[in-house]
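Thanks, everyone, for making the time this morning.

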Amino acid sequence: MQISPVRISETPEWHAVTAHSASMRDVHIRDLFASDPARGRSMTLDGADLHLDYSKNRLTAETIDLLARVAERAGLRERIAAMWAGEHINVSEDRAVLHIALRAPRGQSITTAGVNVVPAVHEVLDRMAVFAERVRTGEWTGYTGKQISTVVNIGIGGSDLGPAMAYDALRPFAERHIGCRFVSNVDGSDIWEATEDLDPASTLFIVSSKTFTTLETITNAKTARDWLLANLSDDAAVAKHFVAVSTNAAKVAEFGIDTDNMFGFWDWVGGRYSFDSAIGLSLMISVGANAFREMLDGFHAVDEHYRNAPIRENLPALLGLIGVWYNDFFGAETQAVLPYNHYLSRFPAYLQQLDMESNGKSVTLSGEPVDVATGPVVWGTPGTNGQHAYYQLIHQGTRIIPADFIGFVAPNHEVGEHHDLLMANFFAQTEALAFGRPAPDGQPYRYFAGNHPTNTILAPKLTPRVLGELVATYEHKVLTQGVIWGIDSFDQWGVELGKELAQRIVPELGASETPDLAHDSSTNTLIARYRAGRGRK
């Protein structure tokens, strides 16, 4: 992929936004609505089933136009086209980026290195569907003939956060006689708690590791295998209670898993973009192949919107531009994501990896230090819980905290007046954050300044399709911002150093005699204290 030598901060388009931001710094959202009563209708946008209201932001139509010109100068449209063309836009790893192919319909052609990858995607999806149906109907049984009642997904990072988030999000569509659990932490308490109350004879483990060498995942998988064999006492049981999502057939077979029950994926799928691949096998077992494909249809709908809509009318791109506006021109350091839906409890945590692993970068595509602020700290919890915790800081604190509010017209369960009460809070919070309230006489602590920016995303209902749309929206928002900042949103070298050092320290913790420690004085002292506490010389 050809890399432009131009830094975005040195372009006339960036300078124009800088000058404009100075004129907007003291403008209040209240005044923007007063000068344009139709603002709440004009500053909206639809993409697939998602409705975005961005009117409660500290910006104008001119702001959007200037930011769109920055995106054009950065080559956003060209980078989108390059992704769909299978070019190696993951520059540092020299790879294509084709998670969009995971949800492409049959018959569509998406190629890289001259190969259409869509048929291979559907071959895996079809195999997943057959296997999931066998588990769901009880045709697939454990070693003793018992039906599977619990699926335990063992992975880490994108092999855990994605399917775990989606499993929670789609619980209303799940097969309730089969539960799913997710193990990722190498802390032994995670696998212990996940298996303590299970019946080995009715438990199925899905080990998700592309290389089948990921330290945390394989450590947990070996512990799970030991737990199983301690109860079933026959190595042949492993093949009936373990399947793999991997590309390393030799390691999978060595573990004891039948490679017929290995589901593959590709090096053009980053882990944090992968739960709509075989990484989502646990999800497919839970909700069924039809619901899983509906989710893929939602992904694809937003993919096509992002690929084809003009930047100024492009929902993911617009979210990305608004994020750049606050991140780089107002000094905002965080981004809150606040879903008003119990089933989206893990959605902010999922977005933490998606955004922060993608855009937490300090060098450009050409290897030079960045000279603009890049990825924000992403955080949040479901409403209304957050209202009784950290909303105090958003309303009356001293920091600017842009926030995305995500809500749904219809609930997944009609329970009395609960949904109306939930959504009343949803609408009230963005109104309060935008407009504030004067202080009553002598009570300055009851003053609400307002002028706190929010985006409102409203969808009909949380369904498999809508979940796919939401995730694709944030995937493409991340790309939009990465293109503007000139960074590689698809590598993650920042996770490597700690892993390398951990591998060096492991034998130092377990040796029977004190090894020669060659770390800094702090780390050496801490290791020595740990060894002493464990009764090691």
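What you see is a predicted model, in which local features need pLDDT of at least 70 and side-chain atom pairs count only at pLDDT 80 or more, while totals for chains, interfaces and linings use all residues. Residues are numbered from 1 along each chain as its sequence is written, and side-chain values use heavy atoms, with hydrogens and water left out.

Let me take the sheet. Helices (H or I, at least four residues) and strands (E, at least two) are DSSP runs, numbered from the N terminus, and two strands are said to pair if DSSP finds at least two bridges between them. On that basis, five strands form an open sheet with parallel pairing, in the order E6-E5-E7-E8-E9. Its edges are strand E6 (179–183) and strand E9 (262–263), each of which pairs on one side only.

Strand E5 (residues 150–154) runs parallel to strand E7 (residues 203–208) and is joined to E7 by five bridges, with Val151 having Leu204 as its bridge partner in E7. E5 also pairs with E6, again in the parallel sense and over five bridges, and here Asn153 stands opposite Phe182 in E6. From E5 the chain crosses through H7 to E6, and this β-α-β crossover is right-handed, meaning that, with the strands pointing away from the viewer, the path from the first strand over the helix to the second runs clockwise.

Now the helix packing, where axes are lines fitted to C-alpha atoms, for helices over the stretch in contact (heavy atoms within 4.5 Å), and angles run from 0 to 180 degrees between N-to-C directions. Helix H14 (residues 315–329) packs against helix H18 (residues 464–485) at an angle of about 50 degrees, their axes being 8 Å apart. H14 is therefore oblique to H18, given that angles under 35 degrees count as roughly parallel, over 145 as roughly antiparallel, 65 to 115 as roughly perpendicular and the rest as oblique.

Helix H6 (residues 118–137) and helix H13 (residues 289–308), by contrast, pack at about 150 degrees with axes 10 Å apart, and so H6 is roughly antiparallel to H13. Their contact is made by His122, Leu125, Asp126, Met128 and Ala129 of H6, together with Ala289, Phe292, Arg293 and Leu296 of H13.
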